[in-house]
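This briefing concerns a predicted model of a protein chain. Please read the topics below alongside the sequence and coordinates.

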Amino acid sequence: MHPTHTSVPDSPAQLLTDTKRPAHSPAGLVGDTPVLWIGAPFTAQGRGFWTKLEGHNPGGIKDRTALHMVQAAHARGTLLPGARIVESTSGTLGLGLALAGAAFGHPVTVVTDPGMEPLMTGLLTAYGADIELVDTPHPTGGWQQARRHRVEELLAVHPDAWCPDQYNNPDNVAAYASLARELVAQLGRIDTLVVSVGTGGHSAGIASVLRHYFPHLRVVGVDTTGSTIFGQPAATRLMRGLGSSIYPRNVAYALFDEVHWVAAPEAVWAARTLARHHYATGGWSVGAVALVARWLARTLPAENRIVTVFPDGPQRYVGTVFDDAYCREHDLLNHLPADDPDLIQHPQERAVTRWTRCTRITDPSTPSDTAVPGLAGAERR
């Protein structure tokens with residue numbers, strides 16, 4: 001038996017250099033998340049990308065924005081002490097608001113729809129949030145608009161209540177400056193950012209700060225098929241956590257160099273492959289972002305430093321993405337993605353149903369003379 005030799009720092013203070021300090025509030029557990037290299041076998045040999053693992057926050061990436069929006073509302077006096085917080089969410093922001101409610105003493109009501117996973121419902125209930133479930137989608141705005149209408153009704157019943165309005169609140173964007181600064185400190189140089197787009201908060205918040213440090217940064221947005229954000233027609237969407245049936249004002253169209261739409265089976269393949277080979281994965285948005293980053297790692301020069309953000313971990317998706325019965329029911333298995341995305345010249349050229357990219361970015365809520373005839377959109381190339 002050989003003795004084990006352990007190096008012990010001379011001073012106890014040296015032990016703190018790489019560890020988080022003790023937290024007196026759950027808010028102190030948020031941030032300083034790790035960065036992981038994703039390479040072969042998920043990517044081509046010798047190629048890969050870095051990913052920020054936001055699942056290491058207590059509830060995921062939206063812990064950052066929930067805390068920041070609540071603190072900003074306190075500072076402005078729009079959120080009174082002890083007042084109820086009411087918001088529409090498909091899940092992750094609900095966890096963040098429950099954390100903020102516990103940290104700052106606010107009851108929380110989460111408005112959601114039947115698509116929320118039972119695990120997420122159980123977690124929110126365990127953390128003290130009240131859950132309001134809408135049962136009928138809006139005829140044009142889908143479940144998202146139905147949830148927002150219910151939020152309005154609840155605010156009328158509780159006049160002192162406050163809604164963060166994550167889709168349009170600029171504090172949602174500002175919350176992610178800390179994440180961007182962490183990436184700069186951890187990686188030094190970043191050439192390409194690949195980021196999912198839903199409310200537009202973390203894509204705008206991270207990209208705007210990184211562009212300040214790296215003016216030539218390439219920003220690649222990742223959306224889901226059936227989402228209207230970048231000008232595609234609305235369709236039934238299985239994936240949650242990215243995409244939208246409305247036009248969130250927080251989406252910063254001018255920051256994007258290209259957009260990719262990914263279908264649910266393609267995201268499932270990527271999320272499951274990541275789990276099997278890298279022990280780092282998540283749900284729909286993680287799979288979609290990873291698929292795009294994998295392609296960029298193969299097609300961009302080897303020295304190009306690609307960074308992605310994984311918004312959460314796999315836990316909430318054990319009954320969907322990682323459940324064989326669910327995936328078979330929705331025909332999500334055995335669909336190996338193509339080596340390359342399809343390409344369209346304009347976001348409204350045609351409705352896409354598989355992984356597709358476009359380098360022409362438009363704001364579909366703003367009319368423009370440069371758009372394809374008969375279609376709307378403020379264009380950026």
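The lining of the second largest pocket comprises eleven nonpolar, seven polar and three charged residues. The model is a predicted one, with a mean pLDDT of 91 for the protein chain.

**Second largest pocket**

- The second largest pocket holds about 360 Å³ of space.
- It is lined by 21 residues, of which Pro58, Gly59, Gly60, Leu95 and Tyr127 are the closest to its centre.
- Helix 2 (92-104) and helix 3 (118-126) each contribute at least two residues to the lining of this pocket.
- Helix 2 provides the largest share of that lining, with five residues.

**Largest pocket**

- The volume of the largest pocket is about 870 Å³.
- Its lining consists of 48 residues, and those closest to the centre are Ser90, Arg147, Arg237, Met239 and Arg240.
- At least two lining residues come from each of helix 4 (142-157), helix 7 (201-213) and helix 9 (284-299).
- Helix 4 gives the largest share of the lining of the largest pocket, namely four residues.
- By class, the lining of the largest pocket contains 17 nonpolar, 23 polar and eight charged residues.

**Helix 2**

- Ten of the 13 residues of helix 2 are buried, and the helix is thus mostly covered.
- The buried set is Thr92, Leu93, Gly94, Leu95, Gly96, Leu97, Ala98, Leu99, Ala100 and Gly101; one of these, Leu95, is also among the residues closest to the centre of the second largest pocket.
- The cover over the buried residues of helix 2 includes helix 1, strand 3 (85-88), strand 4 and helix 3.
- At 1.5 Å a residue, the 13 residues of helix 2 should span 18 Å, and the 19 Å between its end C-alpha atoms agrees with this.

**Helix 6**

- In helix 6 (residues 177-187), the buried residues are Ala177, Leu179, Ala180, Glu182, Leu183, Val184 and Leu187.
- These buried residues pack against strand 1, strand 2 (49-53), helix 1 (62-76), helix 5, helix 7 and strand 9.
- Glycine 188 follows helix 6 and has a positive phi, near 80 degrees.

**Helix 8**

- Helix 8 is largely enclosed by the rest of the structure, because eleven of its 15 residues are buried.
- The buried residues of helix 8 are Ala264, Pro265, Glu266, Ala267, Val268, Ala270, Ala271, Arg272, Thr273, Leu274 and His278.
- Among the elements that cover them are strand 1 (35-38), strand 8 (258-262), helix 9, strand 9 (306-310) and helix 10 (324-329).
- Tyrosine 279 follows helix 8, with a positive phi near 50 degrees.

- Glutamate 117 is located in the loop between strand 4 (108-112) and helix 3.
- With a relative accessibility of 5%, glutamate 117 counts as buried, since buried means under 20%.
- Beyond its neighbours within four places in sequence, glutamate 117 contacts Ser90, Arg240, Arg316, Tyr317 and Thr320; Ser90 and Arg240 are also among the residues closest to the centre of the largest pocket.
- A separation of 9.2 Å lies between the C-alpha atoms of glutamate 117 and valine 318, which are 201 residues apart along the chain.
- Aspartate 171 belongs to helix 5 (residues 170-174).
- Aspartate 171 has 12% relative accessibility and counts as buried.
- Apart from its neighbours within four places in sequence, aspartate 171 is in contact with Thr65, His68, Met69, Ala72 and Arg76.

**Confidence of the prediction**

- In the protein chain, 91% of residues reach a pLDDT of 70 or more.
- Residues 369-381 have a pLDDT below 50, and this stretch makes 35 contacts in the model beyond near neighbours in sequence.
- Where pLDDT is low, the predicted coordinates should not be read in detail.

How values were computed: Residues numbered from 1 in each chain as written. Predicted model: local features only at pLDDT ≥ 70, side-chain atom pairs only at ≥ 80, totals over all residues. Heavy atoms only, no water. 1 Å grid on protein atoms, 1.4 Å probe; cavity = no way out; pocket = protein on both sides within 12 Å on 5 of 7 lines; lining within 4 Å. Points joined across faces, edges and corners; volume = space filled by probe spheres on them. Nonpolar A, V, L, I, M, F, W, Y, C, P; charged D, E, K, R; others polar. Buried < 20%, exposed > 50% of the residue type's maximum accessible area, 1.4 Å probe, protein only. Contact = heavy atoms within 4.5 Å. pLDDT = per-residue confidence, 0-100. Expected span 1.5 Å × (residues − 1).
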